[in-house]
Amino acid sequence: MKKTFITLMGLLVMISCDQRPRSVDSSSIDPSYSNESAEGADNGNDYVDADAARDTVTTTPLVYDYDEDKVQVSLHLFYPESGANQYLLTAVREFISEQLGGSYTGRLDNGEALLQHYGDSIRNYLVAEHENDKANMDEDYINGYFRNIVIMKAYETERLVTFTYDEDIYLNGAHGSHATYGMTFRKSDGRRFGRDMLRCVFSEDMHLLVKDGLKRYFSDMNQLSDLTDEELKEFILTDDHVDYLPMPNHEPYITAEGVNFIYQPYEISFFAAGLPSFTVPLDSMQPFFTITAQRMAAY
């Protein structure tokens, strides 16, 4: 029974994804897709408030800085204040709060209070780490502790806006670490779009897209010509076959260049490899977008 179920599920995936020849360039885009059809006109999908969606999201720079006794905290938030409907403002503000810890209980329209809460929280944690290490090791072996975080608006169109999170962290270890990721929001209602904007995520075409993207990254990083599959294996930490490499744990997000996929340290490769990433132009992503995402990303 279990084997029959798995077989049926596999057939459903293949049918729903309409497997194409193994190519992911713009020539594989469904010819019936167009910006006009993506607008949602006359199709019953009147969820977009045109005026609300087209307003530019205005952000205010908020800064928290602390630097004392080997502890350093730097928070730079470009906090959404106006120019968008309340659904979008709330969604982006909640996203910012959640990335910083999700413990703020005050009003989200008070960015200064939110900044102070998380700045103090991070500072108190790092100070406690320092005090704990001082009780267990000589001060000469303590180099420092820091978290530097920037959250900002990275991209915006009439229909969507993307915010990114960027952090450097060091906790007196052998080396620090870095994290970068983003989130795309639909401007009309604040809905978040990540992996759920994609269809056919387990298709051969999607696996090929991931493999080719990683080949480009490691080729550029090492100033090499196009990598073979065997050469790509040398950069991959996982046991996965190069034809079935996993997508990043963090959500893909839309930028001016296309859809960005980014792995964090040690997720797919060695620490020295940095943050393996690749960007796929929107034209090439259309076959993988849900209809909802196609409408949002139309340009």
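## Basis of the model

This is a predicted model, in which local features need pLDDT of at least 70, side-chain atom pairs count only at pLDDT 80 or more, and totals for chains, interfaces and linings use all residues. Residues are numbered from 1 along each chain as its sequence is written, and side-chain values use heavy atoms, with hydrogens and water left out.

## Overall make-up

The protein has nine helices and nine strands. Helices (H or I, at least four residues) and strands (E, at least two) are DSSP runs, numbered from the N terminus. Of the 299 residues, 43% count as buried. Buried means under 20% relative accessible area, exposed means over 50%, and partly exposed lies in between (1.4 Å probe, protein chains only).

The protein exposes about 15600 Å², and carbon and sulfur atoms supply 52% of that area. Areas come from the Shrake-Rupley method with a 1.4 Å probe; for residues, only the protein chains shown count as cover. Take contacts between residues at least 6 apart in sequence: 60% of them join residues at least 24 apart. A contact means heavy atoms within 4.5 Å.

## Helices α4 and α5

Helix α4 covers residues 86-99. Its buried residues are Leu88, Leu89, Ala91, Val92, Arg93, Phe95, Ile96, Ser97 and Gln99. They pack against β2, α5, β3, β4, β5 (177-186) and β6 (192-193).

Helix α5 has 24 residues, which should span 34 Å; its end C-alpha atoms are 34 Å apart, in agreement. Gly111, Leu114, Leu115, Tyr118, Gly119, Ile122, Leu126, His130 and Asp133 are buried in α5. Their cover includes β1 (58-68), β2 (71-82), α4, β3 (145-156) and β4 (160-171).

Leu115 sits in α5 (residues 111-134). Its relative accessibility is 3%, so Leu115 counts as buried. Beyond its neighbours within four places in sequence, Leu115 contacts Leu62, Val63, Tyr64, Leu75 and Leu77. Leu100 is 15 residues from Leu115 in sequence and 9.4 Å from it in space, C-alpha to C-alpha.

## Nonpolar cores

In soluble globular proteins, nonpolar side chains tend to be buried together. A nonpolar core here is a set of buried Ala, Val, Leu, Ile, Met, Phe, Trp, Tyr and Cys residues joined through side-chain atoms within 4.5 Å. The largest has 34 residues. Leu198, Leu214, Phe218, Ile254, Phe261, Met285 and Phe289 have the most contacts inside it. At least two residues of this core come from each of α6 (204-221), β8, β9, α8 (282-285) and α9 (291-297). Helix α6 gives the most, with six residues.

Phe289 touches Met197, Leu198, Arg199, Ile254, Val259, Leu282, Gln294 and Ala297, not counting residues up to four places away in sequence.

## Salt bridges

The whole structure holds 17 salt bridges. The criterion is a side-chain nitrogen of Lys or Arg within 4 Å of a carboxyl oxygen of Asp or Glu. Arg107 and Asp109 meet in one of them at 2.6 Å, N to O. Arg107 is exposed, with a relative accessible area of 59%, and Asp109 is partly exposed at 39%.

Arg123 pairs with Asp120, with the closest N and O atoms 3.5 Å apart. The two are three residues apart in α5, so about one helical turn separates them. Arg123 is partly exposed at 24%.

Glu167 pairs with Arg147, with the closest N and O atoms 2.5 Å apart. Glu167 lies in β4 and Arg147 in β3, so the pair ties together parts that are 20 residues apart in sequence. Glu167 is buried, at 7%. Arg147 is buried too, at 18%. Elsewhere, salt bridges that share partners join Lys211, Lys215, Asp229 and Asp243 into one network.

## A nonpolar surface patch

Leu237, Tyr266 and Phe270 form a nonpolar patch on the surface, with about 300 Å² of accessible area together. Patches are made of residues with over 30% relative accessible area and no salt bridge; like charges are joined within 9 Å, nonpolar side chains (Val, Leu, Ile, Met, Phe, Trp, Tyr) within 5 Å. Phe270 lies in the loop between β8 (259-262) and β9 (277-280). Its relative accessible area is 40%, so Phe270 is partly exposed.

Methods: Expected span 1.5 Å × (residues − 1).
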